[in-house]
Amino acid sequence: DGTYTQGFIAEKYSGTKEKPITIKAAHRGKVIVDTASGGSSGIIVRGVSWIVVDGFVAQNAQIPIHVGFSSPTAPGTATTDITIQYCTAQYGHHWGMAASTAGARKTQRVTFDHNTVRYVDELPGGQNGHCIKFAANNNTDGGTHAVVSNSTIHDCNYAGIQFSNGW
């Protein structure tokens, strides 16, 4: 429990279908990742498979919770079979929760379940402000099998949920 000013990145170890790796708050909603110091993302999951993130609050970042890669030149592999559940993403300054794919670093089979995403505004200059964003770098990079279920989404500057090819 507590408030942490630096986020975390899950990018080294993968689970399996039979034994996914779960990163879970001891008490749901009591672990707050607050990157008010200007962090681009609070919680990042990329280049791994079979990861579950459960019970965190991420706030005050450009993208409080980000699954996948946003750059086609970033090192890494595909991001697959990721579940973000019982989390809150709030006070995002670009997107609230995002799953993005770029180049060969496909992001596939991402589930956002039982989450709250709220109070997402835009970057200076009027860019975005979507509560949940599924994005591909271009028409050939598209990820597959995105699921949003049992979630509450409100106070978004633009779309509640946006699927797009291109940023």
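In this predicted model, E11 and R46 form a salt bridge in which the closest N and O atoms are 2.8 Å apart. E11 is partly exposed at 41% relative accessibility, and R46 is partly exposed at 24%.

| Salt bridge | N to O distance |
|---|---|
| E11 and R46 | 2.8 Å |
| D54 and R28 | 3.7 Å |
| R109 and D81 | 2.7 Å |

The side chains of D54 and R28 meet in a salt bridge, and because D54 belongs to strand β6 while R28 sits in the loop between β3 and β4, this pair ties together parts of the chain that are 26 residues apart in sequence. D54 is buried, with a relative accessible area of 4%, whereas R28 is partly exposed at 49%. A salt bridge also joins R109 to D81; R109 lies in strand β12 (residues 107-113) and D81 in strand β9 (residues 79-85), so that parts 28 residues apart in sequence are tied together. Here R109 is partly exposed, at 35% relative accessible area, and D81 is buried, at 12%.

The model also contains one disulfide, which joins C131 to C156 with an S to S distance of 2.0 Å. The link is left-handed, with -105 degrees about the S-S bond, and it connects C131 in strand β14 (residues 130-136) with C156 in strand β16, 25 residues apart. C131 is buried, with a relative accessible area of 0%, while C156 is partly exposed at 21%. Another cysteine, C87, is buried at 1% relative accessibility.

Strand β16, which carries C156, is also part of an open sheet of six strands, arranged in the order β1-β4-β7-β10-β13-β16 with parallel pairing. Its edge strands are β1 (2-4) and β16 (152-156), each of which pairs on one side only, and the twist averages 10 degrees from one strand to the next. Within this sheet, four bridges join strand β4 (residues 31-34) to the parallel strand β7 (residues 56-59), and the bridge partner of V31 in β7 is F56.

Finally, S100, in strand β11 (residues 95-101), is buried at 0% relative accessibility, and its side chain makes a polar contact of 2.7 Å with the side chain of H66.

Methods
Residues are numbered from 1 along each chain as its sequence is written. This is a predicted model: local features need pLDDT of at least 70, side-chain atom pairs count only at pLDDT 80 or more; totals for chains, interfaces and linings use all residues. Side-chain values use heavy atoms; hydrogens and water are left out. Two strands pair if DSSP finds at least two bridges between them. Helices (H or I, at least four residues) and strands (E, at least two) are DSSP runs, numbered from the N terminus. Axes are lines fitted to C-alpha atoms, for helices over the stretch in contact, and angles run from 0 to 180 degrees between N-to-C directions. A disulfide is a pair of cysteine sulfur atoms within 2.5 Å. Buried means under 20% relative accessible area, exposed over 50%, partly exposed in between (1.4 Å probe, protein chains only). A polar contact is a pair of N or O atoms within 3.5 Å; within protein, one must be able to donate a hydrogen and the other to accept it, and residues adjacent in sequence count only if both atoms are side-chain atoms. A salt bridge is a side-chain nitrogen of Lys or Arg within 4 Å of a carboxyl oxygen of Asp or Glu.
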